[in-house]
Amino acid sequence: MTVARRDGEVAVGRYVEAIATRMNARVTQLSAAIRLALEDDIADLRGDARTAELLGASVEGNVDTLLHALRHDIPVDRIQAPPAAVEYARRLAQQGIPANALVRAYRLGQRRLTEMVFDELRAMQIPADQRITAIERITAILFEYIDRITEQVVTVYDDERERWLETRNSLRALRVRDLLTTRKPVDPDTASTTISYPLRWHHIALILWFPDTEDDQIPRLQQFVRELADHLATDAAPLFIAADPTCAWAWLPYRATPPDPAPYLRSAPSTVGIAIGPAGSGVAGFRGSHRQAERAQAVARARGAANPIVAASDPGLATAALLGENLDETRAWVQEVLGELARDSENDERLRETLRVFLRAGSSFKAAAGELDLHFNSVKYRVGRAIARRGRAITEDRLDVELALLVCHWYGPAVLRTDPKP
């Protein structure tokens, strides 16, 4: 190799390192842009909040690993898939998302990252011949990386999918899911035989989850449901279905009207999050109780409370769940209705709660004082402060205010304003 050629190779290496360094300084921003592009282009990747968060971690892990390889000239054949990427492949397998959605995500991510590399190249002063060589080197490494990592994560996906299908009581779970979603007429007796559960009886649906872990917790949840059924004296064995490694669905069967499990579940601390559906009977009650438990769980998870126990029958929760189905729009609406009263602070929380109880009590200071265990004058003062914080009287839009306060009560910080005070 001539000296000039060797010097050119060294120079190109420096440009590649410089590009990777510049991009690495914005790795979180670049990764977020790639994640949004993937969610826009691939409908299968628009999952729940936890899966979306894991997608972001997977993208950032891959981008960071690739840029590290470019900066330090690390051979691609020495690189293993980042832990977050491996875990994301497992999660998609558990949720039944097609493998081709995972493969397509890597190809689209490769294209988007290539465009970002080109943007960096345009911003740098590089001789034309060395610019072409730098492009060729980066795109070759990017292709090799995506090809290698895709092979690794697809292998992980396939292994996890097989394991998951084997361990989640496959046929019963699939029958239950079909029962929840089908629009065809269902014969209760035939379906009861298929899933080994008395559908003609009364039911209470539960959704149970561990909020702060990614590990497989299904055995613990199953044991919890068994013990709960024993304590509540169900008339048959509960139905238990794994939804994912940290979440399960359950139904408690009774021949007659069931007891309310909420008081017992709330009587002792628990590490399990629980959403409780209302009692229902027959196939319609089986579905309806589960559907309302799902809505209650959505509220609890959006709020982010640790180990919550929520019941669809809790006053106002069902309404809040419907209002919060599009949380971004709900957040904007709440802040428009409540103004400064929608700030996420302890003082504003006290004012909101006082105003909510006051309005619910028919604007009676006396009734609100009794419910809040406050002096009459304290309630009157707080109501006045709440209206002042809102910035306008509660006259024409009283119903909007009541609904906005209800949403704040259930969703908390998820719908409140957190930007600094002006």
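How exposed is Ala-233, and what is its relative accessible area? Ala-233 is partly exposed, with a relative accessible area of 49%; here buried means under 20% relative accessible area, exposed means over 50%, and partly exposed lies in between (1.4 Å probe, protein chains only). The views below come from a predicted model, in which local features need pLDDT of at least 70, side-chain atom pairs count only at pLDDT 80 or more, and totals for chains, interfaces and linings use all residues. Residues are numbered from 1 along each chain as its sequence is written, and side-chain values use heavy atoms, with hydrogens and water left out.

View A. Most residues other than glycine have a negative phi. Look for Ala-233 in the loop between helix H9 (218-231) and E2; helices (H or I, at least four residues) and strands (E, at least two) are DSSP runs, numbered from the N terminus. Ser-196 counts as exposed, at 55% relative accessibility.

**View B. The hairpin of E2 and E3.** Strand E2 (residues 239-244) is mostly covered, with six of its six residues buried. Two residues link E2 to E3 in this hairpin. E2 pairs with strand E3 (residues 247-254) in the antiparallel sense over five bridges; two strands pair if DSSP finds at least two bridges between them. Asp-244 has Cys-247 of E3 as its bridge partner.

**View C. Helices H14 and H16.** The axes of H14 (residues 346-360) and H16 (residues 376-390) come within 8 Å and cross at roughly 110°. H14 is therefore roughly perpendicular to H16, a term for angles of 65 to 115 degrees. Axes are lines fitted to C-alpha atoms, for helices over the stretch in contact, and angles run from 0 to 180 degrees between N-to-C directions.

**View D. Asp-348 within H14.** Asp-348 is buried, with a relative accessible area of 1%. Leaving aside its neighbours within four places in sequence, Asp-348 touches Glu-340, Leu-341, Arg-343 and Arg-389.

Key: Angles under 35 degrees count as roughly parallel, over 145 as roughly antiparallel, 65 to 115 as roughly perpendicular and the rest as oblique. Contact means heavy atoms within 4.5 Å.
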